[in-house]
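Please open the structure in your viewer and keep the selection panel at hand. The stops below move from an interface to one of the chains that form it.

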Amino acid sequence: MRNLFYLIFNFFLLTPCLLFVFTSVFTSVMTMTITTTARGEVDVLVPLTVPEGLQLIDKPNDNGQALMLLWKKNSSANSSAPENDKISYEIIIAENQNGPFFPVGKIIAPFKTKYDFPQLFGYAKENKEYYAFEIKGYTKPNEVKAGEVKEGEKPKTTDVLLSPNVTYYVKVKVLEEISTTPLKFNEKELNEVLSATTKGNWFATNKTNSVLILIFLTVVIMLYIYWAQRNPHGLFIRKIAGLDAMDDAIGRATEMGKMALFVHGLRSVSDVPTIAAMNILGRIARKIAEFDAELKVSHWDPIVQQVSQETVKEAYIEAGRPDAYKEENIFFAAGDQFSYAAAVEGVMVREKPAAIFHFGYFYAESLLLSETGAQTGAIQIAGTDAFTQIPFFITTCDYTLIGEELYAASAYLSREPKLLGGIKGQDVGKVAIIAVLILGTIFTTCGWERFSQLFWP
Amino acid sequence: MNFFKKRLPLLLAFFTGWLAVILDYIPHQNGEALMTTITKGLIIIGAVTAFMGIYGLLGHHYLKMKRKNEGWAYSLLVWAGFFIMMLFGIYNNGEWILKPQAEVGGVSWIYEYIFNPCQATMFSMLAFFIASAAYRTFRAKSIEAGILLVAAIIVMIGQVPVGILISERLPDISQWLLDYPNLAVKRAIFFGIALGGVSTSLRIIFGIERAYLGGE
Amino acid sequence: MKKISIVRSLFNLDRRIIYLFIFLSILLPFLVKFDLPIKAAKNVRNVYDKIEDVAKTKGERGTILLSFDFDNASRAELEPMAKAIIAHIFKKNIRLVVMGHWLNGVELTKTLLNEMSAEFKKKYGDNYVYLGYRPGVQILIVNMGKDFKSAFQTDSQGKSTNDFLVTKNIKTLSDFDYVISFSAGSGGIEEWVVYGQSKFHFTMAGACTAVMAADYFPFLQSGQLNGLIGGLAGAAQYEALVGRPGSGIDGMRPQSMAHIVLIIFILLGNIYYLTDKYLKNKKQDGGVH
């Protein structure tokens with residue numbers, strides 16, 4: 001039964017883990033990393049009376065459900081003039097060249113340029129010379145039988161979205177406001193009928209840089225892991241006081257005959273800090289089993305609890321003490337942030353653990369937990385990658401692992417070469433990022449933005 | 001058995017992991033449809049975990065009561081709270097469970113007048129704990145700690161309106177401290193965390209890190 | 001020796017004394033009213049300007065999504081800003097869609113929406129819709145980004161989202177003119193940025209508790225968030241911008257006082273620390289001579 005559960009767990013929960021953690025953290029972080037340098041401001045744009053060089057194209061890098069209307073900035077327009085909000089364009093669309101045409105909407109000043117859609121057209125300066133408008137759908141009047149619509153009542157409409165692999169025909173109408181009271185327009189419908197076919201894309205070209213960085217990091221990290229396995233003695237890892245103190249904390253719990261409490265953070269099993277905490281729990285549980293002390297583990301998420309139970313049980317088996325494992329000690333405290341804090345604080349106050357380990361991602365409850373732990377006199381070791389909670393742990397705990405130390409802990413405690421190799425590879429990645437940041441800063445400061453743009457999303 | 005407990009999960013991790021990576025780069029409608037199907041399945045799994053939570057919670061407290069552990073009365077309170085809330089939820093102010101939860105009635109009352117004040121109390125305790133922790137630990141033990149102390153005081157005053165009364169510039173200085181020195185440090189930590197995340201994910205995808213599966 | 005022991009006892013001041021002073025510094029300003037100047041920070045103003053911009057460019061067709069990712073614990077900090085922003089949206093006749101990633105936030109969201117819609121005489125379905133809670137957080141956001149109607153086929157009362165004027169034209173997250181997450185922890189701004197904004201490229205802002213605000217500054221600089229309202233101070237600033245004083249502005253008095261008391265305690269702690277160090281050094285010097 002447990003195996004069946006385990007299978008289901010692995011299939012459905014590792015999927016999101018690997019699905020989201022890896023790709024999303026990676027892409028979002030690269031986005032953040034890359035956009036730290038300043039971007040140029042978009043010029044104040046001047047609309048035209050009659051759009052020049054109209055083009056209709058399929059929207060690049062999309063699922064095939066949008067078109068882009070492009071037209072050239074009027075060369076005769078005075079670029080220093082303020083935005084002309086008297087001019088607007090009305091777009092109509094049809095699935096047949098001869099219609100019927102349905103309204104897409106009005107484009108009013110200030111218009112967007114191709115430069116405002118860098119995910120589609122890149123960061124070339126020439127893109128500022130073209131206006132761009134995205135067509136996603138149109139409004140179609142509902143079919144009505146004669147006599148159904150009462151006089152004075154607006155006819156009902158349905159919004160239709162563009163479909164993939166369909167050829168659409170677009171016409172543009174220019175409106176010029178000639179008086180505001182009463183509102184009057186000069187209208188001019190252009191004769192030109194533009195056409196384009198919607199198409200889904202199999203690769204998001206705007207993510208090419210992300211793919212290359214992904215390949216680079218994967219290769220570097222895997223190479224170092226491979227290298228580490230062949231040269232297990234060539235690796236150095238700096239001292240992490242918090243992890244060295246772990247044995248003392250467990251030893252203290254054993255001597256005092258009190259339990260050690262492991263507090264999980266508030267994230268699900270698909271998040272990296274939770275997985276890192278789980279790795280540390282495995283090592284701690286093994287030591288505790290060897291020392292014959294008692295371990296309790298609190299959880300905020302029932303799935304994390306299931307995984308913890310399995311991890312601790314395996315650790316006890318490996319330590320040769322399967323009899324000492326108590327399933328009820330790996331407990332679910334509460335599924336709500338502050339109820340969880342209250343429940344765990346209750347355990348701390350009542351049972352006065354000798355050692356408390358806080359590992360994972362924490363929010364505002366971090367201080368409630370660690371301050372209560374400090375009041376009970378326990379040795380406290382914390383590890384989190386939550387920036388805002390690091391100061392709270394530092395002020396209340398004896399040792400705190402900051403940021404990536406949490407991820408390195410598993411390798412540090414086990415001293416397994418292949419895990420240490422991963423950390424080495426990570427360091428090379430870090431050196432590469434530092435180099436890019438320094439170069440990006442120098443080039444951008446000197447007014448050459450092309451280098452930074454290579455890394456923009 | 002080793003196949004089901006070790007090899008199969010690792011294979012699944014490998015294939016689903018790379019599938020996820022690849023799907024992130026495919027905007028095509030077919031890729032989108034596959035992703036939507038996967039995510040829908042995950043939402044269902046997410047909902048099922050509620051039952052696991054209930055089983056774990058009630059089971060844990062049942063054992064405490066049965067063994068008359070210290071503080072077992074609190075466990076009784078957990079059971080009572082759970083079943084009272086559930087009964088009110090089922091009764092649903094006379095509408096019973098097949099209708100959407102009523103906006104008035106037992107559940108809403110318990111939520112508003114018991115759960116709400118309890119939660120607010122827990123959160124407000126932070127103000128007291130921050131004060132006590134800051135008093136104990138915020139000491140100018142070195143020049144660096146002294147600089148930190150001054151910066152902290154500027155930010156604390158600058159973030160509330162009283163800062164403007166002291167000096168018009170104070171909120172700007174406070175914001176500058178947050179936007180530049182503070183952010184630079186954070187970003188540095190963030191890079192480390194991000195790379196650590198990538199490295200940990202890779203170790204899991206390639207089956208190098210297995211501690212989460214319960215073993216080495 | 002005696003001097004050192006006095007300093008030591010002050011040094012190890014009973015935490016309950018600190019608690020008492022903090023309690024009084026919060027309680028008293030609620031009873032004694034005085035005005036404090038409020039100046040909107042750039043990040044708060046950006047949110048205000050964006051909503052004004054949606055009203056200007058989209059008019060009544062503009063649609064804003066608010067995600068209430070908090071519960072009662074942080075209600076005191078987040079509800080004032082939620083009220084101020086909803087008031088702004090309703091004043092400008094922009095369509096409003098509300099949802100939440102926190103199950104425990106459902107009741108408070110309903111109460112808040114009922115109160116605000118009654119105040120501004122807004123009609124459910126035509127002016128605003130409450131989608132309710134769905135599990136999944138990250139997965140839900142991705143699903144909404146790919147196909148909004150499959151993630152939310154119905155609203156919180158089980159009615160089809162195709163039947164409401166507000167939601168019938170929404171196909172993906174990118175169709176919202178603005179997305180704001182009111183966040184108090186896991187399942188909030190960060191998830192919206194990582195799984196929503198960076199994948200589907202919509203304009204979004206965050207509103208969060210004061211302690212979390214610093215977490216999101218990197219997203220502001222990278223442009224992934226266009227604005228950020230942090231804590232009660234941020235709420236007070238937004239209330240001042242909208243011209244609708246509420247509990248945010250009211251809360252500035254106790255918050256200011258508590259900050260001052262805390263600073264006094266930190267300074268006192270340092271004075272005791274330095275005095276203790278001085279006396280210890282003096283004693284050691286005395287011993288040598």
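**The interface between chains B and C**

Select chain B and chain C together: 46 residues from chain B and 48 residues from chain C take part in the contact, two residues being in contact if their C-beta atoms, placed from the backbone, lie within 7 Å. This is a predicted model, in which local features need pLDDT of at least 70 and side-chain atom pairs count only at pLDDT 80 or more, while totals for chains, interfaces and linings use all residues. Residues are numbered from 1 along each chain as its sequence is written, and chains are lettered from A and ligands numbered from 1 in the order in which they are written.

Next, on chain B, select helix 2 (29-66), helix 4 (106-137), helix 5 (143-158), helix 6 (162-166), helix 7 (170-179) and helix 8 (181-205), each of which supplies at least two residues of the side that touches chain C. Helix 4 of chain B gives the largest share of that side, 14 residues. Coloured by residue class, the side of chain B that touches chain C divides into 29 nonpolar residues (Ala, Val, Leu, Ile, Met, Phe, Trp, Tyr, Cys and Pro), seven charged (Asp, Glu, Lys and Arg) and 10 polar (the others, Gly among them).

**Chain B as a whole**

The C-alpha atoms of chain B fill a box of roughly 60 × 50 × 45 Å, taken along the principal axes.

Terms used:
Helix = DSSP H or I, 4+ residues; strand = E, 2+ residues; numbered from the N terminus.
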